[in-house]
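Please keep the sequence and the structure in view while reading.

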Amino acid sequence: MRRVTGAWLLFALYATFGATVVRRANVTGLQPHDGAATFIDRMPSSAVCPGAKLTVSELAELGNKNCTVIEGSLELNVDPGSGSGVISPLESVVQITGSLLVSNLEEVIDSLGQILPNLAVIRSQPAFGTPHGVFGLYVYRNSHLRSIGLRSLTHILGNSRVLLWDNMALMFGSSTVDWVRLTQGNSPLTNDRGGGLCNKSLCRGSCWEENVCQQSTYCLRSLTSCCT
């Protein structure tokens with residue numbers, strides 16, 4: 001059973017009363033080694049939106065708020081029987097202070113990078129708690145997901161782990177991404193078969209997709225020279 005956190009309670013109040021809970025605030029707490037710090041520091045302020053549990057069809061509404069920070073956790077799933085459709089990416093989001101949970105997306109997407117192309121930091125405060133541990137990134141039972149694809153992600157903090165489970169089509173993610181580096185020492189919990197291979201002539205180490213290398217420093221989606 002998912003732990004009830006302040007972020008989820010805030011979203012419930014938001015959904016019930018229709019209040020606008022988007023504020024402008026300076027982003028603090030990022031250290032120089034956090035990767036995204038340089039990018040965020042260039043902004044005079046950042047739109048902070050509360051954590052939420054959303055279906056894919058509800059992404060556009062959140063995207064229109066131009067949030068750079070999700071304060072709390074973000075949980076994504078799909079409308080039952082919705083099938084494929086137009087994806088509204090959250091291109092402005094660079095930080096989630098809680099956890100990222102993705103489940104049961106069915107045939108809607110094949111890469112999480114389609115939704116969060118510029119996500120750089122998952123703080124895991126709070127992390128998603130289960131009997132198997134606490135997780136900053138929890139990707140469960142997405143039948144058509146081929147790659148994790150979070151090419152801008154450089155840090156998963158809070159001494160949390162990554163769970164990749166029952167994503168039976170996942171080729172790039174379980175074995176091609178250096179999760180130990182991302183989590184500062186924690187191995188992922190996974191039963192996904194993997195099988196994808198990085199382009200060794202392009203990537204010197206790990207990769208998000210065959211030709212999308214895992215970088216150690218933050219870079220925008222439009223930049224390719226900073227990938228290592």
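What is the handedness of the link of C49 and C67 about the S-S bond? The link of C49 and C67 is left-handed, with -75° about the S-S bond.

## Basis of the description

The model is predicted, and local features need pLDDT of at least 70, while side-chain atom pairs count only at pLDDT 80 or more and totals for chains, interfaces and linings use all residues. Residues are numbered from 1 along each chain as its sequence is written, and side-chain values use heavy atoms, with hydrogens and water left out.

## Disulfides

A disulfide here is a pair of cysteine sulfur atoms within 2.5 Å, and by this rule the count comes to 3 disulfides. In the link of C49 and C67 the sulfur atoms are 1.8 Å apart. This pair links distant parts of the chain, since C49 is in strand β2 and C67 is in the loop between α3 and β3, 18 residues apart. Helices and strands are DSSP runs numbered from the N terminus, a helix being H or I with at least four residues and a strand being E with at least two. C49 is buried, and C67 is buried as well, where buried means under 20% relative accessible area, exposed means over 50%, and partly exposed lies in between (1.4 Å probe, protein chains only).

C203 is joined to C213 by a disulfide with an S to S distance of 2.1 Å. The torsion about the S-S bond of C203 and C213 is about -90°, so this disulfide is left-handed. This pair too links distant parts of the chain, with C203 in the loop between β11 (189-190) and β12 (207-209) and C213 in strand β13 (residues 212-213), 10 residues apart. Both C203 and C213 are buried. C198 and C207 also form a disulfide, with their sulfur atoms 2.1 Å apart, and because the torsion about their S-S bond is about -90°, the disulfide of C198 and C207 is left-handed. C198 and C207 are both buried.

## Strand pairing around β8

Two strands are said to pair if DSSP finds at least two bridges between them. Strand β8 takes part in several such pairings: β5 and β8 run parallel and are joined by 4 bridges, and β8 and β10 pair in the parallel sense over 5 bridges. Within these pairings, S103 has Y140 in β8 as its bridge partner, and V139 stands opposite L164 in β10.

Strand β7 (residues 128-130) and β8, by contrast, run antiparallel and are joined by 3 bridges. A hairpin of 2 residues joins β7 to β8, and F128 stands opposite F135 in β8.

Contact means heavy atoms within 4.5 Å. Not counting residues up to four places away in sequence, I148 touches S111, L112, G113, V139, L164, L170, F172, G173, W179 and W208.

## Three further buried residues

T97 sits in the loop between β4 (95-96) and β5, and T97 is buried because its relative accessible area is 15%. Apart from neighbours within four places in sequence, T97 is in contact with V69, I70, E71, G72, R123, S124, Q125 and P126. A polar atom of the T97 side chain lies 2.6 Å from the backbone nitrogen of G72.

L157 is found in the loop between β9 (155-156) and β10 (161-165), and with a relative accessible area of 14%, L157 is buried. T55, placed in strand β2, is buried with a relative accessible area of 15%. T55 and E75 are 20 residues apart in sequence, and their separation in space is 8.3 Å from C-alpha to C-alpha.

Note on methods: A polar contact is a pair of N or O atoms within 3.5 Å; within protein, one must be able to donate a hydrogen and the other to accept it, and residues adjacent in sequence count only if both atoms are side-chain atoms.
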